[in-house]
Amino acid sequence: MTRTLCLVGAPSSAGAYAPGQEKAPAAFRRHGLVPALAGSGRRVDDHGDIPSFRWRPDPQRPKAMNLDAVRRTAAAVADKVRDALAGGGAALVLGGDCTVELGTVAGALRDEHSVGLIYIDLDVDLNTPETSDGALDWTGVAHLLDRPGTEAALSGLGPRRPMLAPADILYFAADNITPPEAEAMHALDLGLIALAEVKADPIAAARRAAAWGARYDRLLIHLDVDVLSFTDFPIAENIRRCDGLSFDALAAALALLVAAPNWRALTVTEVNPDHAPDERAAFDRLIAMLTEALPA
């Protein structure tokens, strides 16, 4: 069955370290994402953007900066994703920082389908506000799992709490894991296909991930573009020089993952147009990857 692809923009850097990511949805649109998707034979329904929020310091809540804005953003995304999936479509959510994924998951859960999440990210986002540096950006998975010390305003976004069990999350290409996060991963027995495995054989790694997700009614994919090697493709919010995936490796893996029959949502996060040396060239390449990968 051909599904309508419902586009949702989440122009927010509320959970980030600095401004920039809130510009990504507009840049995707400006550089032709919608006509590119529609021109390839897909039915595209553009649901527009939720209200924008530009990062700002939050001295009143230094351990969970811009919490209210993060929650508003995620709740608005949840409403749009719920509507898209309830109508039989699939969702392409354009962030925004990684906390946008809280909304995608909350929306996908609202009508009691089982949900699995493949988390493509160099980080595992298992920090809590107390163990982080104030940016909620790298606490998203901890909130999905309702870990001790998380903010109830975020952990309670969905129709159940926790939103996901540890068995419902699979990390893909993660590598930057702090010691406390490693301890939590071990204690929770969280699944991981490590960066080295994905780099060695992206197709085999993606097939393994798709097989893991086959048991769910709805398979969601979170894509943080900082999984890419920044020097190979400078677009991510995080400008670290560590050796992530090549663009071609990510493209090959993503195409296989979204081809899964139960795939229902892709959330693209951490795109910062200000970091691209040539914005047009960078977005042309990103849009081509999405156009080629997403099923018609």
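The face of α9 turned away from its buried side carries two exposed residues, R207 and A211. Here exposed means over 50% relative accessible area, buried means under 20%, and partly exposed lies in between (1.4 Å probe, protein chains only). Helices (H or I, at least four residues) and strands (E, at least two) are DSSP runs, numbered from the N terminus.

This is a predicted model: local features need pLDDT of at least 70, side-chain atom pairs count only at pLDDT 80 or more, and totals for chains, interfaces and linings use all residues. Residues are numbered from 1 along each chain as its sequence is written, and side-chain values use heavy atoms, with hydrogens and water left out.

**Helix α9**

Helix α9 spans residues 202-213 and has 12 residues. From its first C-alpha to its last it reaches 16 Å, close to the 16 Å expected at 1.5 Å a residue. The expected span is 1.5 Å times one less than the number of residues.

Which residues of α9 are buried? They are P202, A205, A206, A209, A210, W212 and G213. These residues cover an arc of only 155° around the axis, which puts them on the same side of α9. The arc is that of the directions from the helix axis to the C-beta atoms. An α-helix has 3.6 residues a turn, so residues three or four places apart point the same way.

What covers the buried residues of α9 includes the strands β4 (115-120), β5 (169-174), β6 (191-194) and β7 (218-224). The helices α8 (195-200) and α10 (247-258) are also among the covering elements.

**Aromatic pairs**

A search of the whole structure finds four aromatic pairs. The rings of Y119 and Y171 have centres 5.9 Å apart and planes at 90°, so this pair is edge-to-face. Y119 lies in strand β4 and Y171 in strand β5, so the pair ties together parts 52 residues apart in sequence. The rings of W212 and Y216 have centres 5.4 Å apart and planes at 45°, so that pair is tilted. Both W212 and Y216 are buried.

Rings of Phe, Tyr and Trp (its six-membered ring) pair if their centres lie within 6.5 Å; planes under 30 degrees apart count as stacked, over 60 as edge-to-face and the rest as tilted.

**Some buried residues**

| Residue | Relative accessible area |
|---|---|
| C6 | 5% |
| C98 | 1% |
| T99 | 3% |
| Y119 | 1% |
| I120 | 1% |
| Y171 | 0% |
| N272 | 1% |

A search of the whole structure finds zero disulfides. A disulfide is a pair of cysteine sulfur atoms within 2.5 Å.

I120 sits in strand β4. Leaving aside neighbours within four places in sequence, I120 is in contact (heavy atoms within 4.5 Å) with residues including F172, I221, L223, L250 and L257.

T99 is in the loop between β3 (90-94) and α4 (100-108). A polar contact of 2.4 Å joins the side chains of T99 and D97. A polar contact is a pair of N or O atoms within 3.5 Å; within protein, one must be able to donate a hydrogen and the other to accept it, and residues adjacent in sequence count only if both atoms are side-chain atoms. Beyond four places in sequence, T99 is in contact with V70, A74, L136 and D137.

N272 is in the loop between β8 (263-269) and α11 (279-293). Its side chain makes a polar contact of 2.7 Å with that of E237.
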